[in-house]
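Hi,

Here is the structure I said I would pass on. Have a look at it first, and then read my notes below.

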Amino acid sequence: MAGVTELTVGQVAMRSGVAVSALHFYEARGLIRSHRTSGNQRRYGRDVLRRVAIIRIAQEVGISLAEIGAALESLPEGRTPTREDWNLLSTAWRDQLDQKIAQLKKLRDGLTDCIGCGCMSIDKCPLRNKEDRLGAQGPGARRLLVAR
Ligand code: FES
């Protein structure tokens with residue numbers, strides 16, 4: 001498949017590991033695009049594999065399809081995006097990704113400590129959250145929140 005520039009939906013599914021039904025869903029949401037042959041068959045440009053890979057990874061780290069769609073809209077229409085195009089996208093997405101990374105780090109590192117949720121159930125809670133004083137700041141695990 002290496003030299004092939006136009007891919008069928010089956011080839012995209014095989015190479016990307018994404019089900020045909022999911023590809024159709026991504027297309028219906030405007031995240032990927034195909035064109036039709038004279039026989040009304042879908043054909044995708046090879047760059048669709050990069051889009052699908054990024055959609056999947058972004059979803060796995062909790063970025064919504066709407067956010068992914070907004071980011072992918074910055075890519076040019078009608079031509080294969082260049083590295084510069086992807087760089088523009090990543091710049092636009094950087095703050096959001098940095099925030100998710102910070103949130104994941106807080107979660108990873110906070111699990112052995114008081115997270116300020118009001119439970120007062122572990123030995124560090126009285127020290128970190130005396131009489132649940134963090135509850136006055138608002139709901140949720142106050143010590144896990146990342147400033148937006
Ligand atoms: S872990 Fe819940 S208040 Fe400390």
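E131 is exposed, with a relative accessible area of 72%; buried means under 20%, exposed over 50%, and partly exposed in between (1.4 Å probe, protein chains only). This residue sits in the segment after α6 (125-128), where helices (H or I, at least four residues) and strands (E, at least two) are DSSP runs numbered from the N terminus. N40 is another non-glycine residue with a positive phi, about 65°, and it lies in the loop between β2 (35-36) and β3 (42-45). For context, most residues other than glycine have a negative phi, and most peptide bonds are trans.

Before you go further: this is a predicted model, in which local features need pLDDT of at least 70, side-chain atom pairs count only at pLDDT 80 or more, and totals for chains, interfaces and linings use all residues. Residues are numbered from 1 along each chain as its sequence is written, and side-chain values use heavy atoms, with hydrogens and water left out.

Now the salt bridges. The structure holds four of them, a salt bridge being a side-chain nitrogen of Lys or Arg within 4 Å of a carboxyl oxygen of Asp or Glu. One of them joins R42 to E27, with the closest N and O atoms 3.1 Å apart. That pair links distant parts of the chain, since R42 is in strand β3 and E27 in helix α2, 15 residues apart. E27 is buried at 18% relative accessible area, while R42 counts as partly exposed at 23%. Helix α2 covers residues 20-28. Leaving out residues up to four places away in sequence, E27 touches I32, R33, S34, R42 and Y44 (contact means heavy atoms within 4.5 Å).

R143 and D113 also meet through their side chains, at 3.6 Å from N to O. R143 lies in the segment after α6 and D113 in the loop between α5 and α6, so this pair ties together parts that are 30 residues apart in sequence. D113 counts as buried at 16% relative accessibility, and R143 as partly exposed at 31%. Both belong to a salt-bridge network that links D113, R128 and R143.

D109 and R108 form a salt bridge too, with their closest N and O atoms 2.7 Å apart. Here D109 is partly exposed at 45% and R108 is exposed at 56%.

Next, helix α5. There is a kink of about 50° in α5, centred on W93; the bend at a residue is the angle between axes fitted to the seven residues ending there and the seven starting there. W93 is also one of the buried residues of α5, along with D85, W86, L89 and G110. Their cover includes α3 (48-60) and α4 (65-72).

What is on the outside? L104, which lies in α5 (residues 83-110), makes a nonpolar surface patch of about 300 Å² together with L107 and L111. Patches are made of residues with over 30% relative accessible area and no salt bridge, with like charges joined within 9 Å and nonpolar side chains (Val, Leu, Ile, Met, Phe, Trp, Tyr) within 5 Å. The areas come from the Shrake-Rupley method with a 1.4 Å probe, and for residues only the protein chains shown count as cover.

Last, the domains: the assignment, automatic or from a database, gives domain 1 (6-95) and domain 2 (111-148). Their centres, taken over C-alpha atoms, are separated by 40 Å.

Cheers
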